Amino acid sequence: MSMGPPAGSPFGGPSASATSAASGLPFAGVPAELADRAKKILDEEPDHGTPAVEFSQSEYAREPFTLRHFLGPKRAQIGLAVALVVVETLALQAGPLLTQIGVDRAILPKNTGLLMTVVAIYFAAIIVNTVMARVRILFTGRLGEDMMRDLRIRVFSHMQRQGLDYYTGEKSGRLLTRMTSDIDALTALFQDGLVNLFVQMLTLAVITVVLLFLNPMLAVITLLIVLPAMGLLTMWFKSRSEVGYARVRDRIADVLADLSESLAGMRVISAHNRRAHNIINHDNVVGDYREANLYASKVGAVYGPSSEFVGVIGQAALLAIGGRMVVNGTLSVGELFAFLLYLTNFFAPIQQLVQLYNSYQQGQSAVHKLRQLLATSPSVPESPHASVLRDLEGRIEFDRVTFGYKPDDPVLHDISFVVEPGETIAVVGPTGAGKSTVAKLVTRFYDPQYGAVRLDGVNIKDVTIESLRSQLGVVPQEPFLFNGTIADNVRFARDSASDADVLEACQRVGLGDLVARLPDGIDSLVHERGSSLSSGERQLLALARAFMSRPRVLLLDEATSNLDLQSETMIERALDVVLEGRTAIIIAHRLATAQRADRIAVIDEGRLIEFGTHEELLELGGYFASMHESWQLATSIGDDA
Amino acid sequence: MPDATTEFEPVFEPVAVEARFDPPLADVDPDPEKGWLRRVLPVVLARPVSFFGPITVALIARVLQVALPAVIRAAIDNALVAKTESIDRYVVMFVVLGSLSAFLTFIYRFGMYRNAFHIDSDLRTLLYRHLTSLSFSFYDKTQSGQIISRANSDIRSVQLFLTFGPLMAMTMTMFVVAFTFMMSIHIPLALVAVAPLPGVFFLGTRLRNEIFPLSWITQGRVADVATIVDENINGVRVVRSFAGEKDQIVKLAKAATALRWSALRTVKAQAQYNPVIENLPRLGQLFVLGYGGWLVINDDLTPGTLFAFLTYVTMLQAPFRMLGFFLMMGQRAKASAERIYEILDESPVVVDRPGAANLANATGHVVFDDVTFGYSSDAKILDGFSLEVAAGEVVAIVGRTGSGKSTIGRLLPRFYDLDNGAIRIDGNDIRDLTLVSLRHAVGSVADDPFLFSVSLADNIAYGRPGASREEVVAAAKAAQAHDFIEALPGGYDEVVGERGYTLSGGQRQRIAIARALLADPAVLILDDATSAIDVHVEERIHHGMTERLAGRTVLVIAHRLSTIALADRVVLLDGGRAIATGTHQELMDNEPRYREVLDTVEDDTRDDAGGVQ
């Protein structure tokens, strides 16, 4: 059976929209019936090229991010937009006034020539409004989109300056929303919000002035009837419908959760004769969803007719009071026309202003959150005078290093050791002893509180972060793969690598068979977080990535700890290739890994307690020797933990 | 025929939940030849009063709306210009008609929404009913994500159209009434007044043709930006390690530039069409003012009529605005309905035969008679498999990976139908029995059991939702699950999968065994059901089961020697048929192929620590 639209779509490579299309989420890919038109539009898209990006670790805008600062540089453009909006609104609201003039001065006095003049002016107003509106939409649209694009890049760049601690803190879960919902809220504010706010307030003002000019008393009566009633009604609607739609969202989530679990467990449901029970249960969940919908739609069904009713009362008041004035001769028929026509124009601005107030609030809170993000100073700052680290020999020196993730709770105490160029050392010790921290200090993920880490005799705090890290290769415990192809992931380390280089790197670490087996070779997608590769293969890919960067210094953080025996053997073999001739620090979880190192450092409770070759440490009969003994005992009964 | 019509009719499909809402009243027309709208019509018309009531009310409300400008017209002409009548009469009339119109509008809108949401929930529950009736073979080949998108966005798009349809019809009616009224007053002026309005429809359609695909594209690009940011948060270590910051910023800048382009395309389309669409009705008013004014000057028209026409132009633009939207929704609804029908038209493969009897009080005597079966027609998994299991016997089925062991366990509860041969329980061909009574008598536990995100107690009582807590605890004890359940913070009320509590594989298996024990079947199939459980615990489970399952038939599909050892008899499976049978010792002594198979399966003996991870 063919099930609907093909998931693959011509929308620019392996994008999130394509991947989520397969999972059938809402807004997942373009629906089949729109696909042709979407393709036609995309065919017109120019190649945007590679955007020029300025990025400096140490130099960036430090003034606080406020709406005023954000809009400040665009003052001239905003002024122009305001001018456009004023002309547009005046041209728009001229209609009823021109009708009044036409009726009172031309039609009733039977002046055909003047009527034609009024019609011509009316036509001109329509043309002016059309043209101005068009220019204004284009102008503010472009202005807003440019600012949003720049803001996205600015916020993201600042995120890139932050150290690891920023991402492991409590609030890291909400970091994504800074770049999504907060910027979306600002986009909404700039695209529609601010302009609309101005348009609607101007409209209200213009209409009020015209009405006051035509007949002050009638104007005041009209405003008193319509403004408070519509304002209150709209505020009521806003708060009720928010409650209602929140409820609808919760209930539909329940419906979908029940459905998706039922689908996943359908075999169990059939096997346990749970059909009848689950059907009633689903009926109940769907019924609750319907009730929530009914509540929300009742609010909507009340709001529309109620504002209609306010309009009826307003028009009736105009007829009763204005009509009497016409009979008395204090108001002309044309003026009554204008009042009745302007009354209709009153509703939209009031309704919209209430909505816009909300959007303004959301925008302000987004500005506030983004201000906090942009004001966060990086925990590992690059010195403004940092020099470029020259090509490394590979000598690593820890000089009396003391470090803690929290300054008053040191993880490493007064650690000193030297790794000679080309030497491999293994760091072993119990869990939580601070082994991984050693590697994190070499890459300068963190700065030590005391002491210094030196590469080839240079304190790593004095060199640029890029020149430092580009000469280091890191293989983390949990390999993280980016959305994209195998080649994209390997190339992460060296952008300029050719396909042949990538293939060679894969083959060298033992991924040759896998690549040969996959239909698209190195261009096969790895899917989100590498779910289609085994954990061994993912780790090998991370190794290929490290290999590709051709680092002088390699840091392996328990790279084999989560693997089964077979994958581990593959990794060990790959390591021999990768380590050749390089300085390396291996954070080892298993003693088998430690044995291949030239020297072994034993860390316990944050202190370097033993350091030497395998034989030396065994001879020493200390901590390592006893670890080794119990390990040998364990392997002999077939358990390698 | 089986002798199943005993006086006592057991409940095969227990229900322990109270229905709080009515089930759907009608089904979708099953005839795939009919058009999509006709097929859904029974559901739409299932509540005739709810459907036709609001439509009738809407009709009245629309006519009243058209009458309102006519009242103002009469007021202006009679009370203000000719001054022959008092304005008060008209004011009262206006307020009465206007209030009534507003009130009726509320009534019909709410009525229409209510009916639409009933249709929506009917479609959802009908689809769910159908999904639960479909056979395993359907789920083998279908992704659940696809079904969920049909059950969600497609049903919504059909429901939107069905809500909007009557509303659209009513708006059209209003147009006809108002336009007829205008024509009755002055035909040329009526034509001139509405002349620009079709443009609203045409330009609106063109705008939507651009904007709808664009909004999907833009959504996708927003998601692309979010993905990059998400990856940079989760993969921050890699980005920092390889000094990839600048490359990532370039990547984001690219995505943000692409997003800017599609957003600007949308802005461009709006700038091109929206101002014109907004100004077309004003052009109509301009025509009315010019031409109508000229008519008033020549005494061919009253000033009140001029005003009424100005109002009608604004009122009449609505149908033209809605029409294009409506047509587009119609297209989408059609496509969506067809995707929904695709599921509804899928018929269940394994169904009750007409006149199928209930299997009651089964003893558990099972016969596989020359069974041939494959999941697809070109690959036979079982090929002439025969086996007789006496009631109360424990039989282990042993074979290499892919020999068809697990398939045997799936055929007995009739998850799939055979290609050839027969399976009999207590002498009845399983195809002559009702599915519910057969599955009531046959329980099975798979090696990777599925647990629902309800409490552990509810999971154990899945097959008997009304079971008491004592019964649940007893089953859990027999399956050696009681102790670890008690150790969880919520005990038996702990919800699986919540707050990071994920059970280990062995724990899940024990819950699944407890679930099967509580259902108390006559025949129990254990398909590698203890594969992740520690050998010692496994032994205790078997011990607990033996007590509860005394006299029950048990089919053990086994990998491990410890499991096989518990069987009365072992059957060796190869090439889709039983090639040898006997006790474990007999086969070890006389059957070299048995020893070979055991050698290959012994490797993957795994142990389970059994703790909460």
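Among contacts in chain A between residues at least 6 apart in sequence, what percentage join residues at least 24 apart? The figure is 77%, where two residues are in contact if their C-beta atoms, placed from the backbone, lie within 7 Å.

This is a predicted model, in which local features need pLDDT of at least 70 and side-chain atom pairs count only at pLDDT 80 or more, while totals for chains, interfaces and linings use all residues. Residues are numbered from 1 along each chain as its sequence is written, and chains are lettered from A and ligands numbered from 1 in the order in which they are written.

**View 1. Chain A and its helices and strands.** Chain A contains 21 helices and 10 strands; these are DSSP runs numbered from the N terminus, helices being H or I of at least four residues and strands E of at least two. Of its 641 residues, 43% count as buried, that is, with 20 or more other C-beta atoms within 10 Å of their own, C-beta atoms being placed from the backbone.

**View 2. The contact of chain A with chain B.** Chain A supplies 132 residues and chain B 138 residues. On the side of chain A that touches chain B, helix H10 (residues 275-328) of chain A gives the most, with 33 residues.

**View 3. Helices H5 and H6 of chain B.** H5(B) (residues 144-185) and H6(B) (residues 187-194) pack at an angle of about 140°, their axes 6 Å apart. In this contact, Phe179(B), Met182(B) and Met183(B) of H5(B) meet Ile187(B), Ala190(B), Ala193(B) and Val194(B) of H6(B).

Conventions:
Axes fitted to C-alpha atoms, helices over the stretch in contact; angles between N-to-C directions. Buried ≥ 20, exposed ≤ 12 C-beta atoms within 10 Å, placed from the backbone.
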